[in-house]
Amino acid sequence: MPSRSLSDDALAAIDRRLADTDALLARAYPGDDGRRQPVHTVYLPADRFTPETTREWGEQALAAADAAGGLDEVARIVGLDDQGLPDLVRRKLADEPIEDLRLDFEDGYGDRGDDAEDADVARAVDAVTKAVANGSTAPFIGIRFKCFEAPTRARGLRTLDLFLSGLVAVGPLPEGLTITLPKVTTVGQVEAMVDACRALESALGLAERRLRFEVQVETPQVILGADGSAPVATLLHAADRRVTSLHYGTYDYSASLGIAAQYQSMEHPAADHAKNVMQLAIAGTGVHMSDGSTNILPIGDAAHVVDAWRLHARLVRRHLERGIYQGWDLHPAQLVTRFLATYAFYRDGFPAAATRLRNYVHRIDSAILDEPATARALASFIHRGVTCGAITAAEVASAAEVTVETVRDLALNRPTITQPEETR
């Protein structure tokens, strides 16, 4: 055995030098914490929500597909002919048509005056409470209140306060509660939101950091600050570990850059630039990210419906391929292509991912030598597919020869196996 050259004192000195770095990495880049990420967020004007909304959207989505000849026909016309895909999507639309629902008190609601908004907040509290009690709500539900710019700040905070106080008055907060801070332009607005969360937690008797929030990236100032920095990255680390997700706002961001309305899109180069910066900002932090929406809705004459479905399916596939695993939906008929395109993405990639993961876990010789980081990516892909319903546990056991629990542990870097010798 060769002798050592570095003394214990030298090693200890290096540890001391890197202590601050170690602490920074542990604090600021903890990695995936295992939270489920929904595949989409549905935005609905707050006054339109009822305890039956989730079920009704699923029924309306299926009705839209049936009007076009059924899910098999819709899959065909948008170029997704995967065998078995329509059956899986039909089950999803019946059992869990909305994964994340946001009652909108911002752009989708407007300014109706304090009395009207206060009354609608009270009705929203009642409807959400009933939906949670009878099990009809989406796994994630919450509100988007008005932004922290001076003209709307007080109204936004009042709505947030009334909503949370109303929920706490009748029972514990919903497990999947999600609140959204829109139109963020500065790190200071996020720090103010942290202050508001702390104050509400104290007043309502909530545990520390029970209130966390999403940040909507809708302004160029949060992508490129006046000093040349990227505030979207800074705000994550100034938020007391409370930011859960960054959401790209397609139309506000595009309009802020002066892009003509007909060219505002999730796939505009300006949109891709913003989302690339956002993706870099969240890397390693455990914060999720969502793409935006398309306002081309699949309603009206049959030809337009087909065109809108094709566009939506392509845009969903596009952001999935770019590593953005969530988007927005604005109409029940968009759920048809949301789940067709999402399920096709996972099912198309599953055979190869399962084979590579099987080879890695069971140390089977193959033409691809995957490193632990790639194995985690393979496991994460499969885990996301299972979570949303695109892939079954039986399929994982058959193709990858591992359990879904093992897949989850690998995806979260909690390996239950010893990594192959050649990758150490």
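Lys and Arg count here as positive and Asp and Glu as negative, with His and the chain ends left out, and each charge is placed at NZ of Lys, CZ of Arg, CG of Asp or CD of Glu. On that basis the chain carries 44 positive and 60 negative side chains, and the centres of the two sets sit 2 Å apart. This is a predicted model, in which local features need pLDDT of at least 70, side-chain atom pairs count only at pLDDT 80 or more, and totals for chains, interfaces and linings use all residues. Residues are numbered from 1 along each chain as its sequence is written, and side-chain values use heavy atoms, leaving out hydrogens and water.

As for the overall fold, there are 16 helices and 8 strands, taken as DSSP runs (H or I, at least four residues, for helices; E, at least two, for strands) and numbered from the N terminus. Of the 424 residues, 49% are buried, meaning under 20% relative accessible area with a 1.4 Å probe, protein chains only. The C-alpha atoms fill a box of roughly 80 × 50 × 45 Å along the principal axes.

Helix 6 gives a closer look. Just after helix 6, Gly 135 adopts a positive phi of about 75°.

Definitions and conventions:
Buried < 20%, exposed > 50% of the residue type's maximum accessible area, 1.4 Å probe, protein only.
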